[in-house]
Amino acid sequence: MRIILLGAPGAGKGTQAQYLMGKYGIPQISTGDMLRAAIKAGTELGNAAKRVMDEGKLVSDELIIGLVKERITQDDCQGGFLLDGFPRTIPQADAMKEAGINVDHVIEFDVPDEVIVERMAGRRVHPASGRVYHLQYNPPKNDGKDDETGEDLVIRVDDQEDTVRHRLSVYHEQTKPLVDYYQLEANAGNCQYHKIDGTKAVDVVSKQLSSLLG
Ligand code: AP5
Ligand code: ZN
């Protein structure tokens, strides 16, 4: 199964990707996680992306498209994948199409901006695994520690309120047009499009996803 998770920053893409990976045994391709890993490793790619990400802007299409094309040809992606945070511009979606990378389902997470600003303030992440927590809505079993490894959780650099608001405006300008793009793709019979209410509790959203994906 090949799935695109589409939604604003903080809409719950990473959280539900963890659930879907476990349920369907397909890998999560999170461009944000890949870029953060590159920053940590100090690669050329990471150095190029760091300032742009910290400011809440988008990394260049060219760089991201290259990254995803390389990842998607790896063996573990041949049975399907979950795209989390990609595509997020029309040129990225076009590049995917031109490369012959088709998807079965596009899932749009609908969450109002004000809910997102509040969510981001409580987010804690485990960078090595991509697991995501929230102090109130999805707390770790032990304060400040990842459930599986016991390692420290961190706050993302781009989760400060003013950066979150900037990321939301970038989403509305550059990524929201993909809603129409993929609805047209669905009308043409190229994929299925589902819009879900991302304001419901984490497990309610997971149940809804599993019932629509089967
Ligand atoms: P990226 O890492 O992709 O960030 P994002 O899209 O902004 O999304 P987030 O990871 O912030 O949110 P999410 O939807 O995964 O929500 P989560 O599940 O964590 O990108 C970061 C940066 O990298 C970009 O700004 C850009 O610079 C660059 N980049 C990445 N991809 C790119 C691309 N394709 N092109 C160009 N640049 C790119 O949940 C958020 C919080 O809410 C958590 O605390 C969680 O526990 C909580 N939560 C989740 N679901 C619920 C729920 N149902 N109820 C209550 N709380 C919930
Ligand atoms: Zn995420």
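Predicted model: local features only at pLDDT ≥ 70, side-chain atom pairs only at ≥ 80, totals over all residues.
Local features need pLDDT of at least 70 and side-chain atom pairs count only at pLDDT 80 or more, while totals for chains, interfaces and linings use all residues. Residues are numbered from 1 along each chain as its sequence is written, and side-chain values use heavy atoms, with hydrogens and water left out.

Start at β1, residues 2–7; strands are DSSP runs of E with at least two residues, and helices are runs of H or I with at least four, numbered from the N terminus. Of the 6 residues in β1, 5 are buried, meaning under 20% relative accessible area with a 1.4 Å probe and protein chains only. β1 pairs in the parallel sense with β3 (residues 81–84) over 4 bridges; two strands pair if DSSP finds at least two bridges between them. Here I4 stands opposite L83. β1 also pairs in the parallel sense with β4 (residues 105–110), over 5 bridges, and L6 has E108 as its bridge partner there.

Between β1 and α1 (13–24) comes a loop that holds A11 and G12. A11 is buried, at a relative accessible area of 2%, and G12 is buried too, at 18%. Leaving aside residues up to four places away in sequence, A11 touches F109, V111, R119 and G198, where contact means heavy atoms within 4.5 Å.

Technical notes. Chains lettered and ligands numbered in written order. Buried < 20%, exposed > 50% of the residue type's maximum accessible area, 1.4 Å probe, protein only.
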